[in-house]
Amino acid sequence: MKIPGQKPDPRTLRPATQLVHGGTQRSQFGETSEAIFLTQGFVYESMERAEARFKGDEPGYVYSRYSNPTVVMFEERMALFEGAEAARATASGMAAVTASLMSLVKAGDHVVAARALFGACLYVVEDLLPRFGVSSTLVDGADLSQWRAAMRPETKVLFLESPTNPCLEVYDIAAIAAIAHDNGSLLVVDNVFATPILQKPLALGADCVVYSATKHIDGHGRCLGGVILASQELIDTHIHAFLRQTGPVLSPFNAWVLLKSLETLPLRVRQQMQSAERIADFLSGCQHIRLVRYPGRSDHPQADLVKRQMRGGGTLVSFEFAGGKAAAFAFANQLSIIKISNNLGDAKSLITHPATTTHQRLTPEARAALGVNDGLLRLSVGLEDADDLIDDLGAALAALDQHGLAAE
Ligand SMILES: Cc1ncc(COP(=O)(O)O)c(C=O)c1O
């Protein structure tokens, strides 16, 4: 209950309010919208004040690679909404993934990750970490016995994304966090596909959450960004020093864009998800499409787990043409509103053929193991009217029939 005259604790505010007001620091001008502090450095009134600031005896900013007021507003808003003690923003989602993993391990350590990772994350785990003496094991993320079997005394970090890209598999975050903690390890979750609206990995037991803010958090296809959320201790002892000294930090301008986007995140994700649900139902009734994967449908293999750990099926739908690559290409080439792009989480609906784009670096065997077949398309549902999107999909399917392109 609000006590008259007393400022409410922002943690007690409801989520939509936190996303509009959380973290706001007004300058002496009392601006309504958050200010962009597009500055590299800060000036001091005296040498003594500079010395005190550097020693940490006086609070304040020193240099924008360490921290910046606009970036801090974004970090605080994200931390508040995620329910995390602390957050650090990064230049991109990959900077968040790389910084969180690199700062938690040292030579001789071991990382276990789900095999179904975004391609660049797979590079970090499989190629980059081993160069610095950190070994890794990839497991089928849905099989808890594989996680357990992969644990070693030197396993420091478990890493997964859920739902996965592009097959939208869902992993049991609470169970995998328990496996990590039994072994004295930490669980890092890439929560991009679920968005902070639909899934809270920290509340499920994860130790660290990373986002590509480039996706739904920006939501308008404009700027790259990322964020790492964890306990104050983890941020202070590992993440902050790594970012401050190596420099993959978020620019104040991009932080401002992302701050403004957070204000509308719940509205956008809810709307995009409603359309995705309708589109998944529409596609599952269509000839030529042999499989529709959507976490919000009752035919999803982990439908019960989705109900337990997510607040909805998300904004992405994957579907597979019986006619393989030829049918998938012919279909996507007929779309007019839905654009061909490997990006996701945009207000514009985007479709991609993972086997020839995001997952083309993998061998055909590795793709097959992940279920990335040649007929698979991934649709990121945007903010257009769902009826227009369904008309676009329907017209492209009809064109396949007309030209005899759907055959297996
Ligand atoms: C699941 C996932 N993690 C991480 C990233 C990397 O994000 P960014 O492109 O912002 O570096 C992406 C997308 O690019 C992604 O889809």
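Predicted model: local features only at pLDDT ≥ 70, side-chain atom pairs only at ≥ 80, totals over all residues.
A polar contact is a pair of N or O atoms within 3.5 Å. A polar side-chain atom of Ser212 lies 2.7 Å from an oxygen atom of the ligand. For Thr214, an N or O atom of the side chain is 2.5 Å from a ligand oxygen atom. In Lys215, a polar side-chain atom is found 2.9 Å from an oxygen atom of the ligand. On its own the ligand has 380 Å² of accessible area, and the protein covers 90% of that area.

## The shell around the ligand

Which residues surround the ligand? They are Ser92, Gly93, Met94, Phe118, Glu161, Asp190, Val192, Phe193, Ser212, Thr214, Lys215 and Gly225. Sorted by class, this shell has four nonpolar, five polar and three charged residues.

Glu161 falls within strand E4, which covers residues 155–161, and Asp190 falls within strand E5, residues 186–190. Ser212 belongs to strand E6 (208–212).

Strands of a sheet pair through backbone hydrogen bonds, either parallel or antiparallel. In this model, seven strands make an open sheet with mixed pairing, in the order E1-E7-E6-E5-E4-E2-E3. Strand E1 (86–90) and strand E3 (135–139) are at the edges; each has a single partner strand, so one side of each is left without a neighbour in the sheet. From one strand to the next, the twist averages 20°.

Within this sheet, E4 and E5 pair in the parallel sense over five bridges. Val157 stands opposite Leu186 in E5.

Helix H5, residues 119–131, lies across strand E2 (110–114), E3, E4 and E5. Its direction is at about 140° to E3. Helix H9, residues 232–246, lies across E1, E5, E6 and strand E7 (226–230). H9 runs at about 20° to E1.

## The five-stranded sheet

Another open sheet has five strands in the order E8-E9-E12-E11-E10, and its pairing is mixed. Which strands are at its edges? Strand E8 (289–293) and strand E10 (339–340) are the edge strands, and each pairs on one side only.

E10 pairs with strand E11 (residues 350–352) in the parallel sense, over two bridges. Here Lys339 stands opposite Leu350 in E11. Helix H13, residues 324–334, lies across strand E9 (316–321), E10, E11 and strand E12 (376–380). The angle between H13 and E9 is about 130°.

## Backbone exceptions

Most residues other than glycine have a negative phi, and most peptide bonds are trans. The model has some exceptions. Ser162 and Pro163 are joined by a cis peptide bond, with omega at about -5°. Pro163 sits in the loop between E4 and helix H7 (173–182). A cis peptide bond also joins Asn165 and Pro166, where omega is about 0°. Pro166 likewise lies in the loop between E4 and H7.

Thr195 is located in helix H8, which covers residues 195–198.

How values were computed
Residues numbered from 1 in each chain as written. Heavy atoms only, no water. Pairing = 2+ DSSP bridges. Helix = DSSP H or I, 4+ residues; strand = E, 2+ residues; numbered from the N terminus. Axes fitted to C-alpha atoms, helices over the stretch in contact; angles between N-to-C directions. Contact = heavy atoms within 4.5 Å. Near = heavy atom within 4 Å. Polar contact = N/O pair within 3.5 Å; in protein donor to acceptor, adjacent residues only side chain to side chain. Areas by Shrake-Rupley, 256 points an atom, 1.4 Å probe, with all protein chains shown as cover. Nonpolar A, V, L, I, M, F, W, Y, C, P; charged D, E, K, R; others polar.
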